[in-house]
Amino acid sequence: MKYSVMPRERSSPRVFGRRLRRRAFTAALTAGLVLGLVAWLALPSASWLGRSGAGRLVAGAAELSQQARFVEALGELDRAVAADSSHAEAHFMRGVVLNRLGRRAEAAEELEAAVSLEPARVDAYVLLARLYERAGRYDQALANALEAARREPDRASAHRALGLAYFGKGLYEQAIAAYERAKRDPVEQGWVHNNLGYAYLLTGDLASARRELERAVAAAPDNALARNNLWVTNERLGLLWEARREYIMASRIDPSLPKPRANLAALALILNRR
């Protein structure tokens, strides 16, 4: 049986050349795609995660921080910043974690980056003010605290940071005004009342100092510093038995304080002479 088939065309040199060029182009394109995929896979994971990936890393770092796993959290945040250097939350969280690790100068740098990217970030201004105050850089502390209070006038932590900054600069009247507004903060009532009472003590308002220091002791009975300040206030008011009681308590709470024991001995002499 004979089969009927189409006669096979003979390729002309022109057609054959087109085919060769098409095959060469396809091979080159395939090789380029393969090489590009290999290079992409060889990159560190953080470099191609993008903004959404940075957000996931920040969320993971937040969970690690809540578990006090700060070194691991910092590693995640390093990757987040590498993935997206304009991610304000990553810089802020990195500043928080660095502060918890005691690396305060680096923490301040990260927080400055956070507020430059997100100027409305009030919690970053508050933490910056606290960091600069601890470093003795009171002008910078005051500038950041004022910015925080300007943006959120009812934020107690901003006024607490403002009080610390004014205290550092020796502006006690301004510190009193700031601490009076910070008293609404339920978190650090003991320290707010202590600092406010001490500011009143330094300005000579002994009655107000005693009122605030008694509130400090009531809020935090184990605050040896507040009891120490209350001793001084009571002594200046001539309330020597009350002063003696506070110094005894301060010495029991913190035996390492040399001043309470020394002052208690001096107070005993005064009391014995009466």
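Biologist: Which helix does S65 lie in?

Modeller: S65 sits in helix α2, residues 50-66. A helix here is a DSSP run of H or I of at least four residues, a strand is an E run of at least two, and both are numbered from the N terminus. This is a predicted model, where local features need pLDDT of at least 70, side-chain atom pairs count only at pLDDT 80 or more, and totals for chains, interfaces and linings use all residues. Residues are numbered from 1 along each chain as its sequence is written, and side-chain values use heavy atoms, without hydrogens and water.

Biologist: Why is S65 called buried?

Modeller: Its relative accessible area is 17%. Buried means under 20%, exposed over 50%, and partly exposed in between, with a 1.4 Å probe and protein chains only. So S65 counts as buried.

Biologist: What does S65 contact, leaving aside neighbours within four places in sequence?

Modeller: F70, A73, M93 and V97. Contact means heavy atoms within 4.5 Å.

Biologist: A82 and A83 are both in helix α3. What makes A82 exposed?

Modeller: The relative accessible area of A82 is 56%. That value is over the 50% cut-off, so A82 is exposed.

Biologist: And how do you know that A83 is buried?

Modeller: A83 has 17% relative accessibility, so A83 counts as buried.

Biologist: How far is A82 from A54, and A83 from L57, C-alpha to C-alpha?

Modeller: A82 and A54 are 28 residues apart along the chain, with 8.5 Å between their C-alpha atoms. A83 and L57 are 26 residues apart in sequence and 9.5 Å apart in space.

Biologist: What makes α9 roughly antiparallel to α10?

Modeller: Helix α9 (residues 172-182) packs on helix α10 (residues 189-203) at about 150°, with axes 9 Å apart. Axes are lines fitted to C-alpha atoms over the stretch in contact, and angles run from 0 to 180 degrees between N-to-C directions. Under 35 degrees is roughly parallel, over 145 roughly antiparallel, 65 to 115 roughly perpendicular, and the rest oblique. The angle therefore makes α9 roughly antiparallel to α10.

Biologist: Which residues of α9 and α10 meet?

Modeller: From α9, Y172, E173, I176, Y179, E180 and A182. From α10, Q189, V192, N195, L196, A199, Y200, L202 and T203. This contact divides into nine nonpolar, three polar and two charged residues. Ala, Val, Leu, Ile, Met, Phe, Trp, Tyr, Cys and Pro count as nonpolar, Asp, Glu, Lys and Arg as charged, and the others, Gly among them, as polar.

Biologist: How many residues has the largest nonpolar core?

Modeller: That core has 60, with the most contacts inside it made by V97, L111, L162 and Y179. A nonpolar core is a set of buried Ala, Val, Leu, Ile, Met, Phe, Trp, Tyr and Cys residues joined through side-chain atoms within 4.5 Å. Helix α6 (residues 122-134) gives the most to this core, nine residues. A second, separate core of five residues includes L213, V217, A226 and L230.

Biologist: How many helices and strands are in the protein chain?

Modeller: There are 14 helices and zero strands. Of the chain's 274 residues, 40% count as buried.
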